[in-house]
Amino acid sequence: MSNSDKSLFTLHEHALEKEHEVCPDCGGKLLIKNSKNGPFLGCSAYPDCQYTRPVVEHERIEDKVLAGSSCPECGHLLAVKQGRYGMFIGCTNFPDCQHIEETYHQDDVNIACPKCSSGELMEKTNRYGKTFYSCDQYPKCKYVLNYPPIAETCPLCQWPVLVKRKMASGEVIICPEKKCTYKRKAL
């Protein structure tokens, strides 16, 4: 048995039984094929027939209504739902009401934006769960830091913000400007 076939048994114990099914579009034989995203069932009449489907069908999770919650837009109940990008909290009155709860919390770090001076840096989380710090005046100001900012002026280049980074040698405080080489050990 080849290495590509071994992974099929771990995905689903009856994956090879599906290989003898017929294509619902053209009646051709379905074959197990491999791609960079893993195994899938495809029609043997390819490229004339483009039918494909996953080897393992993922179960759909039922919406779970959150008791005691209400939509701020229409007053209906909120529910935990499953979408194409994962789980989210939305209104049960969909599609009449499109309300979705904000899942990522934004915190103000009380440090003025060094680029525009009119905004403040906010702690935000991207869709993959990584924390970053950006100006609250976006899209007018697109200043972003990937590490926690510190309200200190750089002694070398006079940039008004430094950042704290974890490195192999321990925590250090460095200047976020690319041209500046300021670096010191964190206390």
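Trainee: What should I know before I start reading?

Mentor: The model is predicted, so local features need pLDDT of at least 70 and side-chain atom pairs count only at pLDDT 80 or more, while totals for chains, interfaces and linings use all residues. Residues are numbered from 1 along each chain as its sequence is written, and side-chain values use heavy atoms, with hydrogens and water left out.

Trainee: How many aromatic pairs does the structure hold?

Mentor: Rings of Phe, Tyr and Trp (its six-membered ring) pair if their centres lie within 6.5 Å; planes under 30 degrees apart are stacked, over 60 edge-to-face, and the rest tilted. Here there's one pair. Tyr143 and Trp159 have ring centres 6.2 Å apart and planes at 45°, so they're tilted.

Trainee: Are Tyr143 and Trp159 buried or exposed?

Mentor: Buried means under 20% relative accessible area, exposed over 50%, partly exposed in between (1.4 Å probe, protein chains only). Tyr143 is buried at 8%, and Trp159 is buried at 18%. Of the chain's 187 residues, 28% count as buried.

Trainee: Which side chain does the side chain of Ser134 make a polar contact with?

Mentor: A polar contact is a pair of N or O atoms within 3.5 Å; within protein, one must be able to donate a hydrogen and the other to accept it, and residues adjacent in sequence count only if both atoms are side-chain atoms. For Ser134 the partner is the side chain of Lys124, at 3.4 Å. Ser134 is buried too, at 7%.
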